[in-house]
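Trainee: I would like to go through this model and ask what stands behind each term.
Mentor: Go ahead; here it is.
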Amino acid sequence: MTDRTAPRSPGSPGTGLVGVIGGMGPLATVDFYRRIVAASPAARDQDHLPLIIWGDPRIPDRSDALTADGADPTPAIRAAALSLVAAGAERLVVACNTAHVFLDRALQGVDVPLISLVDETVRVAAEREIGGEGVAILATDGTIASGVYQQAFAAAGVPAFAPPEPLQRRVMQAIRDVKAGDVDAASALLGDAAGELRETGAGALLAACTELPSVLGAEFAGLPVLDPMALTAAALVRQQQRSPSHA
């Protein structure tokens, strides 16, 4: 007998709908969606991961909030999360590393699971044997100052370190260059910084700002790159493959 049951609408319960809080920045959000699509073993449109992207570039700058008395992004992130849940999202992901510093408050009382870029990256790093002095964390000043990755790596027993201040200034300028669309300038700055980090013993680079993977790729300056965006995209797809809604 033919099953004539109507398919569930994207926002109905049990569809595995993912809510992506993005716009921080827009190019990084587009790149994250591209990585989800690339990770999906889909033979047709309907096989892909269902998701809603909340792309709001008006969310206050996360690094400024942490280091320069900028506006608090927590209310805007929370509003995005609640809107996505109201639209039917059953899982949330925030396509910004620095924003993870604010998520404990922003998602308080939000009763759907968060797929964390930080947690997924540290989990994968702990499974790999990274030599030298460990993982060099390339991130915004705010992410570095918060210690969100340093603490997570330490808890997992994975050696990791932030660049010294002169190199960190180059990383921040590279991030600004990507946001401004000057990928070539960013690549040159990061190439110099990564070369120095390799010489000081780094065994891997962590692209802990969502602007950086578009420049670094899977390997950069002779070092493997841990990409939270790609790792989290793959985790989302794996979870969807195991979910009852995919059956």
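Trainee: Into which domains is the chain divided?
Mentor: Domain 1 covers 18-116 + 231-242 and domain 2 covers 118-229; such bounds come from an automatic or database domain assignment. The model is predicted, so local features need pLDDT of at least 70 and side-chain atom pairs pLDDT 80 or more, while totals for chains, interfaces and linings use all residues. Residues are numbered from 1 along each chain as its sequence is written, and side-chain values use heavy atoms, without hydrogens and water.

Trainee: How many residues does each domain bring to the contact?
Mentor: Domain 1 gives 23 residues and domain 2 gives 28, where contact means heavy atoms within 4.5 Å. On the side of domain 1, eleven are nonpolar, eight polar and four charged; Gly counts as polar, while Tyr and Cys count as nonpolar.

Trainee: What is the buried area between domain 1 and domain 2?
Mentor: About 1900 Å², 54% of it on carbon and sulfur atoms. Buried area is the accessible area (1.4 Å probe) that two parts lose on being put together, summed over both. In domain 1, N97, S116 and L231 lose the most area to domain 2, together 37% of what that side buries.

Trainee: Why is the pair R238 and E120 called a salt bridge?
Mentor: The term asks for a side-chain nitrogen of Lys or Arg within 4 Å of a carboxyl oxygen of Asp or Glu. The side chains of R238 and E120 meet at 3.3 Å, N to O, so the pair qualifies. Between domain 1 and domain 2 the count is two salt bridges.
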